[in-house]
Amino acid sequence: MAASAQGETGADGRVLAPLGRRRSAVVANSPSGGYTLLTALDPDGPLPKAGQFYMLAAEHGWGGGGGRPFLPRAFSVADATAGETGVRLTFVLEDVGPGTHELAGLAEGDGLLLTGPLGRPFSPPRDVNPGAAGAILVGGGIGLAPLALLRRDLAARGFPERSLLGFRDEAHSGGLELFRCSELRLASEDGHAGHRGYVTDLLAVMLEGDDAAATAVVYACGPPAMLEAVRALCEECGVAAELALESPMACGYGACFGCAMPLRGGGYMRLCVDGPVVDAGAIETALVEGAGHR
Amino acid sequence: MSAGPTSFCGIELAHPIINASGTFDAIAARRAFGDAVVERFPFSAYVSKTITPAPRAGNPPPRLWEEPAAMVNSIGLPNKGAEGFLSTDLPALADLPVPLIVSVMATSAEEFSGLVEAVSARDEVAAIELNVSCPNVHSGLIVGEQPSETEALLEALRPLTAKPLIVKLTPNVAAPASVAAGAEAGGADAVSLINTLKARPMFAGKPWLGAGSGGLSGPAVRAVALQQVSDVAAAVSIPIAGMGGVESGSHARDLLDVGAEVVAVGTASFRDPLAAERILIELRGLDPVAASSATSEL
Ligand SMILES: Cc1cc2nc3c(=O)[nH]c(=O)nc-3n(C[C@H](O)[C@H](O)[C@H](O)COP(=O)(O)OP(=O)(O)OC[C@H]3O[C@@H](n4cnc5c(N)ncnc54)[C@H](O)[C@@H]3O)c2cc1C
Ligand SMILES: Cc1cc2nc3c(=O)[nH]c(=O)nc-3n(C[C@H](O)[C@H](O)[C@H](O)COP(=O)(O)O)c2cc1C
Ligand code: FES
């Protein structure tokens, strides 16, 4: 039902998910550096927006072996294209535990159960900063995933964008083919690619220009420590920013209240329905116990 | 065992599958899935997440942990408080095509009374579930761990409402059946069980959860639920909402077979928002009467 590819949108431009979990079929699985690019054909789903995510589980073997994985796992959509037979969804996975390990092992034809697209997507640049003249995408490690689709969308609309991607080392890097044809600068902690150091070093240099604060929009995704550095830097420079955050999730659709993210000024948001993309000003810090995986 | 229309303490339900409190937020689900949630609502009654007299932010993260075939949560009952719930959430929940059961918790009989009166006054509400897994501020005792405290609480609340009162039992006691008997003696119309089992996951040598400990749910607790429901069924004559680890129609049938009138689906909804719909279809397949009437409806 490719006709559904337009998708119904809700408040804040999110594309609504069809109710319930559905089956998609893996059409490609390829290693990309230390990561895995997993592509599945979703026959009945809508075209998602950049920043949205899916709850994924393998059709077979979920809950097998040692009994984990049991719950589905959240993954940002890194690429999506609508075709005759459905929407092709690409995810970038880093094997960090039983769930990501199962998914990274799926082969062409295997069933991938998914619920989504879920959550709040990235906002258009001028909604974040009315004076925006260019977007700076900042990714740390596997955090490049949602930025890949965002970059593609911005480029398709002719909006100027630059990407800064940082990696720990060669084993913890990959996915660069999703950034083909983009203005890209790299950083790595071990110096194997680009600037030796943090991706936020590159961002700091970029934000030094006089008119940067007035004309830039920063979109960032990565580990909590990196996001916190981005958040603090943007706050200091007065630059508008959206951050795609992570937290442990059981459901992904607001049912369990497990994905609590502390709000600036007290209380919590549910990251799966109020995020995962949040205004940088909405949080006091991106350093939250249990978020990220390291 | 019937998979067809069911009467549960006077509430007419289209079928015996309801949701477990705190495991399905119909309002948030609508933000994610749109009106399909209302049009294809998978439960025959909607049980709200537990509300308290004053708003609560909930526990610090992390709030979730996964175990083999189970999860541990320490959510900490975040909610808008009675006023926020009654003014904002209840009108939105009235869109649902099923009876509403509101789950409430308080720390004294006086607070409980105020909550029950305020909730009961609303026409949208079909029944009230009392979450008694909390300490009483006066005695320091967990109400639901003591048959006499539970009975006394019910005696205080019973005169305040004509609506059914359902007592949600904790499994963290030696004899849930005695507490159930206390609830019945105090005038409860039904009991529901099991709530989550106390659990303390450790990670890298430290408690993982922000609150230190939490509650275990999911398939791993199913056999515990079956035991406790059958014990309670032997001790009381009021109806039982059974729950704990239900993932399939046969799991639901087992709970009905050991004495439950209706079955609640909790953790399974996290894996698939329509798990309850599938469970009902499977249950119907196991019930010859419902299976034949479902066919004749087509
Ligand atoms: C919105 C969102 C988008 C995401 N996008 C991506 C993406 O595009 N690509 C990607 O690779 N990842 C992404 N993630 C992260 C991904 O969901 C996690 O890496 C995945 O859930 C890990 O599952 P696992 O079973 O492999 O590892 P787990 O075993 O769950 O380990 C992951 C971390 O969880 C904790 N942990 C360890 N044991 C347990 C346990 N028993 N129970 C609970 N927690 C435990 C530890 O902190 C550990 O480091 C995203 C997360 C969110 C919330
Ligand atoms: C994330 C989560 C939140 C819960 N919140 C509540 C709650 O607010 N009130 C309540 O009475 N029970 C709550 N429960 C307990 C469930 O209603 C149910 O009793 C328990 O999870 C067992 O069923 P299950 O194994 O099918 O999940 C919660 C359970 C989970 C997993
Ligand atoms: S993951 Fe369940 S409420 Fe967000």
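Trainee: What is the strand order of the open sheet in chain A?
Mentor: Its seven strands follow the order β11-β10-β9-β8-β12-β13-β16, and the pairing is mixed. Strands are DSSP runs of E with at least two residues, helices are runs of H or I with at least four, and both are numbered from the N terminus. Two strands pair if DSSP finds at least two bridges between them.

Trainee: Which strands stand at the edges?
Mentor: They are β11 (195-196) and β16 (277-279) of chain A; each has a single partner strand, so one side of each is left without a neighbour in the sheet.

Trainee: Before we continue, what kind of model is this?
Mentor: This is a predicted model, in which local features need pLDDT of at least 70, side-chain atom pairs count only at pLDDT 80 or more, and totals for chains, interfaces and linings use all residues. Residues are numbered from 1 along each chain as its sequence is written, chains are lettered from A and ligands numbered from 1 in the order in which they are written, and side-chain values use heavy atoms, without hydrogens and water.

Trainee: How many bridges join β8 to β12 in chain A?
Mentor: Six bridges join β8 (residues 134-140) to β12 (residues 216-221), and the two strands run parallel. A:V138 stands opposite A:A220 in β12(A).

Trainee: Which strands does helix α6 of chain A touch?
Mentor: Helix α6 (residues 224-237) packs on the sheet and touches β8, β12 and β13 (240-244) of chain A, where contact means heavy atoms within 4.5 Å. The direction of α6 makes about 165° with that of β12(A); angles run from 0 to 180 degrees between N-to-C directions, and axes are lines fitted to C-alpha atoms, for helices over the stretch in contact.

Trainee: Now the ligand. Which residues are closest to ligand 2?
Mentor: The closest are B:S21, B:T50, B:I194, B:G245 and B:T267, among 23 residues that surround the ligand, each with a heavy atom within 4 Å of it. Residues from chains A and B surround ligand 2, so the site is shared between chains.

Trainee: Which side chains have an N or O atom by an oxygen atom of ligand 2?
Mentor: Among them are B:T267, at 2.6 Å, and B:K168, at 2.8 Å. A polar side-chain atom of B:N131 lies 3.2 Å from an oxygen atom of the ligand.

Trainee: How much of the accessible area of ligand 2 does the protein cover?
Mentor: The protein covers 98% of the 600 Å² that ligand 2 has on its own, by the Shrake-Rupley method with a 1.4 Å probe.

Technical notes: A polar contact is a pair of N or O atoms within 3.5 Å; within protein, one must be able to donate a hydrogen and the other to accept it, and residues adjacent in sequence count only if both atoms are side-chain atoms.
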